[in-house]
Amino acid sequence: MALEAYSSRNPDTVHTDVLSEARQACYKARDAFYACLEKESNKTPTEIASVGLLYPSECKGSRAEFVKHCRASWVKHFDRQYCRNRRVQRLLDDKDSRRGPLTLPQPYTFKSPS
């Protein structure tokens, strides 16, 4: 239903932001921004992006290019994806440091029922 309503409003419109060249430009801007985030990860984040993503002011230029070249919904999606991947990686990295060695009860620990 929604697709029919949308297509009847814009029957011959070509959305250039989803064509191959525009997508490639978007991906390149996205990769540059997230590379900047990784490179500047030791600095204090001062800027706020969508979905609560924080980034340092050194990455403002690459963030502006990212937002300029990508649809807003894509930017939000990529930000969520980045945050989720970082959270999972942090949990996986912390898992070994917080957890002690796995020890199973030894047979001599229990007294025999006799």
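In this predicted model, helix H2 touches helix H3 through Ala22, Ala25, Cys26, Ala29, Arg30, Ala32, Phe33, Tyr34 and Cys36. On the H3 side, the partners are Ser62, Arg63, Glu65, Phe66 and His69.

**How the two helices cross**

- H2 covers residues 20-39 and H3 covers residues 60-69.
- Their axes come within 8 Å and cross at roughly 155°.
- Angles over 145 degrees count as roughly antiparallel, and H2 and H3 are therefore roughly antiparallel to each other.
- The crossing of this helix pair is left-handed.

**The largest pocket**

- The space in the largest pocket comes to about 290 Å³.
- Its lining is made of 15 residues, and those nearest the centre are Leu37, Leu53, Leu54, Tyr82 and Arg86.
- Which elements each supply at least two residues of the lining? They are strand S2 (54-55) and helix H4 (72-98).
- H4 contributes the most to this lining, giving five residues.

How values were computed:
Residues numbered from 1 in each chain as written. Predicted model: local features only at pLDDT ≥ 70, side-chain atom pairs only at ≥ 80, totals over all residues. Heavy atoms only, no water. Axes fitted to C-alpha atoms, helices over the stretch in contact; angles between N-to-C directions. Helix = DSSP H or I, 4+ residues; strand = E, 2+ residues; numbered from the N terminus. Parallel < 35°, antiparallel > 145°, perpendicular 65-115°, else oblique. Left-handed = near helix turned anticlockwise from the far one by under 90°. Contact = heavy atoms within 4.5 Å. 1 Å grid on protein atoms, 1.4 Å probe; cavity = no way out; pocket = protein on both sides within 12 Å on 5 of 7 lines; lining within 4 Å. Points joined across faces, edges and corners; volume = space filled by probe spheres on them.
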